[in-house]
Structure formats: structure tokens, C-alpha cells
Amino acid sequence: MNTITYEDLKNCAALAIEAQNAQERILKLRSLAEFGGLTCGITGGRGTPLKDGTGEGGSAIADITNNAQGRISEYLSKSGQVEQTINALQNTKHREVLKLKYIDGYTWPEVAERMHYDERQCRRIHAVALERLFGVHRQTA
């Protein structure tokens with residue numbers, strides 16, 4: 001039934017956080033470049049200060065943006081595979097907890113808040129969902 005592994009789920013969650021951080025960094029860089037404020041302590045990929053939106057600073061912005069967009073693309077590819085496998089589950093609560101945790105990258109308290117359960121119950125749902133997904137019992141982290 002599954003085409004992914006438990007490691008794929010964990011990697012997808014980490015990529016979700018990286019993609020979100022990358023998107024925020026892109027927006028911040030674009031905003032700073034637009035207003036000419038690139039002397040605010042933001043550094044390029046090798047720790048070089050970004051001085052302005054031209055020349056070396058502009059190149060550093062492009063490098064950072066390209067790197068961030070690459071991470072976002074990697075996340076989108078991986079999350080599509082993960083979501084397809086999760087969608088094969090019959091139970092909506094199982095699908096919801098796995099999507100919140102591994103596709104959206106939420107922490108357990110955030111998952112619990114969105115599902116309107118306490119954290120312990122979300123972890124139980126998660127454990128059963130993993131059993132259904134992989135056919136084996138897994139410890140939840």
C-alpha cells in the first residue's frame with residue numbers, strides 16, 4: 001500500500017519547516033532590497049554582509065533566493081508523495097494527524113490545538129495511523 005517510509009515522513013516534516021523558513025527569508029530579503037536596507041546584519045551564503053541591492057549584494061540575494069527556492073521545490077515534491085500515501089488511509093482523523101505533523105510540519109501542541117484534542121490523544125491517533133500506514137507499531141517522538 002505505501003510507497004514511502006517512516007523516514008520519508010520525518011524528512012518531509014523537516015523540509016516543511018525549512019521551506020517555511022526559506023520563504024520567510026526570501027520575503028525579508030526582497031523587502032530589504034526594495035527599501036535599500038541591506039546593511040541590517042543579514043549575511044550572504046558565506047557570511048558576507050549584503051551591502052546593497054546591486055553588485056555583490058545583489059548576487060548574494062540571488063544565491064540565497066535560489067537556494068531557498070530549491071528547498072521549497074524539494075519540499076513540494078516530497079510532500080506530494082507523502083500526501084498521496086496518507087490519502088490512502090480510510091480514517092479522516094488518521095489522515096489529518098499525519099498531514100498536520102508531516103506535511104504542515106506542526107509540533108505536537110499545534111497538532112492538538114488544530115484537531116481540538118489533547119496532545120496525548122493526538123499521539124494515540126498518530127500511533128494507530130502509523131500502524132495502518134506501515135502495518136507495524138512505531139514509537140512516536
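This note covers the pocket, the cysteines and the aromatic rings of a predicted model.

1. Basis. The model is predicted, so local features need pLDDT of at least 70 and side-chain atom pairs count only at pLDDT 80 or more, while totals for chains, interfaces and linings use all residues. Residues are numbered from 1 along each chain as its sequence is written, and side-chain values use heavy atoms, with hydrogens and water left out.

2. The largest pocket has a volume of about 160 Å³. A pocket is an open set of points on a 1 Å grid over the protein atoms alone, where a 1.4 Å probe fits, with protein on both sides within 12 Å along at least five of seven lines. The volume is the space filled by probe spheres set on the points, which are joined across faces, edges and corners.

3. Lining. Ten residues line this pocket, and Arg25, Asp63, Ile64, Asn67 and Ala68 lie nearest its centre; a lining residue has an atom within 4 Å of a point. Two or more lining residues come from each of α1 (6-34) and α2 (55-86), and α2 gives the largest share, five residues. Helices are DSSP runs (H or I, at least four residues) numbered from the N terminus.

4. Cysteines. The structure holds zero disulfides, a disulfide being a pair of cysteine sulfur atoms within 2.5 Å. Cysteine 12 is buried at a relative accessible area of 0%, and cysteine 122 is also buried at 0%; buried means under 20% (1.4 Å probe, protein chains only).

5. Rings. The charged end of arginine 114 sits over the ring of tyrosine 106, 3.9 Å from its centre. The rule asks for NZ of Lys or CZ of Arg within 6 Å of the ring centre and within 35 degrees of the ring normal.

Methods: Buried means under 20% relative accessible area, exposed over 50%, partly exposed in between (1.4 Å probe, protein chains only).
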